[in-house]
Amino acid sequence: MTSQQKHYYLAYFKHWLHCVDAHSLHSPFIYQFYDQVIRQPAKKFINPEAENIRASFLNDTSTIEIEDLGAGSFKRTLKRRVVKDIANTSSSAKFIGEFLAKCSRHIRARNIIELGTNLGITTRYLANNEAHVHSVEGSKALHELAKRHLNELPNVTLYHNNIDLVLPEIIATLPHIDIAYVDANHTYEATLKYVSLLAKKTIPSTVIAIGDIHWSEGMEKAWSELVNDPQIQLTVDLFHLGLLFYAPLKEKQHYVLRF
């Protein structure tokens, strides 16, 4: 077992020890969100098209070359990957897509930013009829695979670019951000930088969801700093996701919840 795996399993154990349910929520704001989003049955939010596309990718044995991207650089090395392996291990799980769809419906999202398109499966969950999704992917090969099925959606704009370069441009075109899903460049520096940029266009109902907050020591450190950021009024640890809220509350709050 690698040191990173040990860190991940230890983080899960700590999360299990500290997580609570609805009975421990005293804030009306977070209780409503927990009841109407987190614990809302996902049945009506299942996206058959997205899952059919996932199934297709899970059967794709072709190989592609993916740029190994890191914070502050556009291209480091190329790695050959089998598409079905990417769909199995790197693409966000179905329950995350359903959660984001529930969240989008709950806050009536109009402007959504996704950092890390990957195969575009979660993008489909985000792209409900009312929202426009701006999704960025640094790998050309992944961008092309996602584009094959996402180009049919008029409310999705795809970008193949370095997030550091294109994110400020996207943010400048939007009146505000309703949802941001950060699932790329899983490093301490990149995570804090992206949240700082996104925070410039938040409103009280904005939700920023960060993937893999316990994936590594660097991500753990970034999450800890965000939890203690005085500008962020409410933080929620769902283990697989970290949620940042900018709603004006009487006092700063943090919760570790079952998901």
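Me: Helices (H or I, at least four residues) and strands (E, at least two) are DSSP runs, numbered from the N terminus. In the loop between which two elements is the place of N185?

Reply: The model is predicted: local features need pLDDT of at least 70 and side-chain atom pairs count only at pLDDT 80 or more, while totals for chains, interfaces and linings use all residues. Residues are numbered from 1 along each chain as its sequence is written, and side-chain values use heavy atoms, with hydrogens and water left out. N185 is placed in the loop between β6 (177-182) and α9.

Me: Is N185 buried or exposed?

Reply: Buried means under 20% relative accessible area, exposed over 50%, and partly exposed in between (1.4 Å probe, protein chains only). The relative accessibility of N185 is 14%, so N185 counts as buried.

Me: What is the phi of N185?

Reply: Most residues other than glycine have a negative phi. N185 is not a glycine, yet its phi is positive, at about 45°.

Me: What is the phi of R108?

Reply: R108 lies in the loop between α5 (94-107) and β3 (111-115). With a relative accessible area of 62%, R108 is exposed. R108 is a residue other than glycine, and its phi has a positive value near 55°.

Me: Which residues is T191 in contact with, leaving aside its neighbours within four places in sequence?

Reply: T191 belongs to helix α9 (residues 188-198), and its relative accessible area is 3%, so T191 is buried. Contact means heavy atoms within 4.5 Å. With neighbours within four places in sequence set aside, T191 is in contact with N185, I210, M219, A222 and L226.

Me: How far does the backbone oxygen of T187 lie from a polar atom of the side chain of T191?

Reply: The two atoms belong to the backbone of T187, where the atom is the oxygen, and to the side chain of T191. The distance between them is 2.8 Å.

Me: At what angle do the axes of α9 and α10 cross?

Reply: Two packed helices are described by the angle between their axes and the distance between the axes. Axes are lines fitted to C-alpha atoms, for helices over the stretch in contact, and angles run from 0 to 180 degrees between N-to-C directions. The axes of α9 and helix α10 (residues 217-227) come within 8 Å and cross at roughly 30°.

Me: How are α9 and α10 oriented relative to each other: roughly parallel or roughly antiparallel?

Reply: Angles under 35 degrees count as roughly parallel, over 145 as roughly antiparallel, 65 to 115 as roughly perpendicular and the rest as oblique. The helices α9 and α10 are therefore roughly parallel.

Me: Which residues of α5 meet α2?

Reply: Helix α2 (residues 28-38) packs against α5 at an angle of about 125°, and their axes are 9 Å apart. This angle makes α2 oblique to α5. From α2, Q32, F33, Q36, V37 and I38 take part, and they meet α5 at F99, K102, C103 and H106.

Me: How far apart in space are V207 and K221, C-alpha to C-alpha?

Reply: V207 lies in strand β7 (residues 202-211), and V207 is buried because its relative accessible area is 2%. Among the residues that V207 touches, not counting those up to four places away in sequence, are C103 and I107. V207 and K221 are 14 residues apart in sequence, and their C-alpha to C-alpha distance in space is 20 Å.

Technical notes:
Polar contact = N/O pair within 3.5 Å; in protein donor to acceptor, adjacent residues only side chain to side chain.
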